[in-house]
Amino acid sequence: MTTAESTSADRASILLVDDMEDNLTALEAVLGPLNEPLVRARSGEEAMKALLRRQFAVVLLDIRMPGMDGFETATNIKRLDQTKDVPIIFLTGTEADTGYAFRGYATGAADYLTKPFDPWVLRAKVTVFLDLHRKNRQLQRLLAREHQQLDGLAARLTTVERRLAEDENPDVRELSHDIGEMKETLRMMRRG
């Protein structure tokens, strides 16, 4: 992968979910300097559609929305295999019920901020999730490369094993047995 491809692949989208235009604009102003794609959703339903179309590093989710509120949206996000690991930061107004924080964490939120929030704090928290997302992507690429190398080694061992099986020499048969054990070890390594 070239540096340009790596940089492009490491871009981490951020999903902003709020039914109020002013709040979305404020979030974009705070997070714009991070130079990552910001995707808007004006409802829980829109958020779910966006999450099913692309990967996100983090979701900033307003709790109080008409229709599917933030808690219900978070529950749906955590329910799906495709989205269950996406971290959620709940955002809510200062007049919110004191039980909202507990309820937010109970639905799987990674964090909870009260509006008006400190822009520096929000940006710092989002940056942590962006870094985690990049590191997870990098780990996935490394694991894929390792599996590819293990597959190549297993194929080469199979070829050698096949050739040795044709030989009647007892020492060669023992080598063939050893290769079979190596192949089994490779299979176990691939399973993790």
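1. Start with Lys 125. Leaving aside neighbours within four places in sequence, Lys 125 is in contact with Ile 89, Asp 111 and Leu 113. Lys 125 sits in helix 6, which covers residues 119-165. Keep in mind throughout that this is a predicted model. Lys 125 counts as partly exposed because its relative accessible area is 25%, and that class lies between the 20% and 50% cut-offs. Val 58 is 67 residues from Lys 125 in sequence. In space, their C-alpha atoms are 9.9 Å apart.

2. Next, the partner of Lys 125. Which residue does a polar contact of 2.6 Å join to Lys 125, side chain to side chain? That residue is Asp 111. Asp 111 lies in strand 5, residues 111-115. Its relative accessible area is 13%, so Asp 111 is buried, the limit being under 20%. Not counting residues up to four places away in sequence, Asp 111 touches Ile 88, Ile 89, Phe 90, Tyr 105 and Lys 125.

3. Look next at the end of strand 5. Lys 115 and Pro 116 are joined by a cis peptide bond, with omega at about -5°. Most peptide bonds are trans. Pro 116 is in the loop that runs between strand 5 and helix 6.

4. Another backbone point is Asn 35. Its phi is near 55°, a positive value in a residue other than glycine. Most residues other than glycine have a negative phi. Asn 35 belongs to the loop between helix 2 (21-31) and strand 2. Is Asn 35 buried or exposed? Asn 35 counts as exposed because its relative accessibility is 56%, and the class starts over 50%.

5. Ser 43 is placed in the loop between strand 2 and helix 3. With a relative accessible area of 15%, Ser 43 is buried. A polar atom of the Ser 43 side chain lies 3.1 Å from the backbone nitrogen of Glu 46. Beyond four places in sequence, Ser 43 touches Val 17 and Met 65.

6. Leaving aside neighbours within four places in sequence, the contacts of Val 17 include Leu 24, Ala 41, Ser 43, Ala 47 and Val 59. Leu 60, Leu 61, Asp 62 and Met 65 are also in contact with Val 17.

7. Now the cores. The largest nonpolar core has 23 residues. Those with the most contacts inside this core are Leu 15, Val 17, Leu 51, Phe 56, Val 59, Leu 61 and Phe 90. Two or more residues each come from strand 1 (14-17), strand 2 (38-41), helix 3 (44-53), strand 3 (58-62), helix 4 (70-79) and strand 4 (88-93). Which element gives the most to this core? Helix 3 does, with four residues.

8. Last, the largest pocket. Its volume is about 380 Å³. Of the 17 residues that line it, Gln 55, Phe 56, Asp 85, Val 86 and His 133 are the closest to its centre. One of these, Phe 56, is also among the residues with the most contacts inside the largest nonpolar core. Helix 6 supplies the largest share of the pocket lining, six residues. By class, the lining has seven nonpolar, six polar and four charged residues.

Note on methods: Residues numbered from 1 in each chain as written. Predicted model: local features only at pLDDT ≥ 70, side-chain atom pairs only at ≥ 80, totals over all residues. Heavy atoms only, no water. 1 Å grid on protein atoms, 1.4 Å probe; cavity = no way out; pocket = protein on both sides within 12 Å on 5 of 7 lines; lining within 4 Å. Points joined across faces, edges and corners; volume = space filled by probe spheres on them. Nonpolar A, V, L, I, M, F, W, Y, C, P; charged D, E, K, R; others polar. Core = buried A, V, L, I, M, F, W, Y, C linked by side-chain atoms within 4.5 Å. Buried < 20%, exposed > 50% of the residue type's maximum accessible area, 1.4 Å probe, protein only. Contact = heavy atoms within 4.5 Å. Polar contact = N/O pair within 3.5 Å; in protein donor to acceptor, adjacent residues only side chain to side chain.
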